Amino acid sequence: MRVFVAGATGAIGKQLVPRLVEAGHEVHGMTRRESKKALLDELGAVPVVADALDPDQVAEAVGRARPDVIVHQLTALAGVDIRHPERGVAMTNRVRTEGTDHLLSAGQAVGVRRFVAQSIGMGLYVRTGGPVKSEEDPLDPTPPRKLREGAAGIRHLEQAVLDARWTEGIVLRYGAFYGPGTHLAPGGELSEMIRKRRFPLVGDGGGVWSFIHVADAAEATVAAVEHGARGVYNVVDDDPAPVAEWLPALAQKLGAKKPIRVPRFIVRLFAGEAGVVMMTDVRGASNAKAKRELGWRPAYPSWRQGFAAA
Ligand SMILES: NC(=O)c1ccc[n+]([C@@H]2O[C@H](COP(=O)([O-])OP(=O)(O)OC[C@H]3O[C@@H](n4cnc5c(N)ncnc54)[C@H](OP(=O)(O)O)[C@@H]3O)[C@@H](O)[C@H]2O)c1
C-alpha cells in the first residue's frame, strides 16, 4: 500500500516508517523542514515537506502522494514541561484539531481506505470503578483544570476520525511512551527529573499508568494500517501498574535514590490538582482488544523488562 505518515520524524514516526517500508509499503513521510528530508530518506520514506496547519500544503502533499492510508502522528510535545503541561499544550492542540481536520479533508479528496491517528490513553479514562479500562469505558467527564484543554484536543481528534464514515477511521490510544527519543529515554526529560529526585511519589502513588515501548507502539500501528477496523484500540503493554510500583523501579534502574514522598495537599498547592490526579487517581488501559483484533503482541509485555532494555 501507499502510506502517508504525518509526524514521520518524531519518536514514534522514526520507529514506524522503517517498519512500514520493511513490510513492503511505499511510505511518504511528512515534515515541516527541508533539513529533515535526508532523515526521511534514510528511514526509507519519500520525503514530503508540508505544514499540517496549512490546509493547502496538506491537500497538495496528500494529493501528490495519493496514499491508500494516512497515519497521523503529529504532536508538539517535545520540550513541553511535564510539570506544566497546560503551557505547552496549545500547539499540540492545534495539530490535533486543525491538523486532523486538514489531513481528513485531504484524505477524503483522494479516498483513503484507512485513517490511523495517535491518541493517548493516559489520564483520559473515567476515574471511577476498576483500575484498568477498556475502549468501551467512558472518558473522564471532569479532567482537572490543567489537563482539560489537552483532553478537549484529544476528544476532537478522536471524534473527527471516528465520524469519518467514508474511511476506516482508527484511533490508537497509546500508553506512556518509553524507548529511544522519548521523555523516558536515558537523558530524557522525565528520566532526568526522576534521576534528580524531582519527580516525587505523591500520596499513596495509586495512579495506574500503562506504558508502551515506542517500537511496540510502531508494530501495533503497522497492524492497524494493514488490517485495523474502524474504532479505538488501546496500545499499551500487559502490565498496568501504580506509580508506587513503577516509579521506584525506574529510579533504581536510573541509579537514582528512592523518590521522595510528598503528601497530596503539598502537590495540590504547588502543582495543582492535575499532578495529584496523574499520580494518585488515573486508570490504566487494557490491550485485550488490540491483541485480539490486530493480532499484535508487544515484544516488551511489561515495562519491568522494557525499562531495563531501553
Ligand atoms: N503516549 C505518550 O506517552 C506520548 C505521545 C506523544 C508524545 N509523547 C512524548 O513527547 C515527546 C515527543 O514525541 P513525538 O515524537 O511525538 O514529538 P516530536 O518529536 O515533537 O514529533 C512530532 C512530529 O510531528 C511533526 N509535526 C509537529 N507539528 C507539525 C506541523 N505543524 N506540521 C507538520 N508536522 C508537524 C514533527 O515534524 P517536524 O518537526 O519534522 O516538522 C514530528 O514528526 C516524546 O518524549 C514522547 O515520549 C508521549
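Two exercises with worked solutions follow, and both concern a predicted model.

**Exercise 1.** Find how many cavities of 30 Å³ or more the structure holds, and describe the lining of the largest cavity by class.

*Solution.* Rolling a probe the size of a water molecule over the atoms shows where empty space is left. In this structure there are two cavities of 30 Å³ or more, and the largest has a volume of about 70 Å³. The next step is to look at the residues that line the largest cavity, among them Tyr178, Leu184, Pro186, Leu250, Phe307, Ser191 and Lys253. Sorted by class, the lining of the largest cavity has eight nonpolar, one polar and one charged residues. The second largest cavity holds about 40 Å³ of space, and its lining includes Gly121, Met122, Tyr174, Ser210 and Arg283. By class, the lining of the second largest cavity has four nonpolar, four polar and one charged residues.

**Exercise 2.** Decide whether helix H1 is roughly parallel or oblique to helix H7, and say which residues make the contact.

*Solution.* Two packed helices are described by the angle between their axes and the distance between the axes. The axes of H1 (residues 11-22) and H7 (residues 214-227) come within 8 Å and cross at roughly 50°. Angles under 35 degrees count as roughly parallel and 65 to 115 as roughly perpendicular, so H1 is oblique to H7. The crossing of H1 past H7 is right-handed. On the H1 side the contact is made by Ala11, Ile12, Gln15, Leu16, Arg19 and Leu20, while the residues of H7 include Val214, Ala218, Glu219, Thr221 and Val225. Divided by class, the residues of this contact are 10 nonpolar, two polar and two charged.

Note on methods: Residues numbered from 1 in each chain as written. Predicted model: local features only at pLDDT ≥ 70, side-chain atom pairs only at ≥ 80, totals over all residues. Heavy atoms only, no water. 1 Å grid on protein atoms, 1.4 Å probe; cavity = no way out; pocket = protein on both sides within 12 Å on 5 of 7 lines; lining within 4 Å. Points joined across faces, edges and corners; volume = space filled by probe spheres on them. Nonpolar A, V, L, I, M, F, W, Y, C, P; charged D, E, K, R; others polar. Axes fitted to C-alpha atoms, helices over the stretch in contact; angles between N-to-C directions. Helix = DSSP H or I, 4+ residues; strand = E, 2+ residues; numbered from the N terminus. Parallel < 35°, antiparallel > 145°, perpendicular 65-115°, else oblique. Left-handed = near helix turned anticlockwise from the far one by under 90°. Contact = heavy atoms within 4.5 Å.
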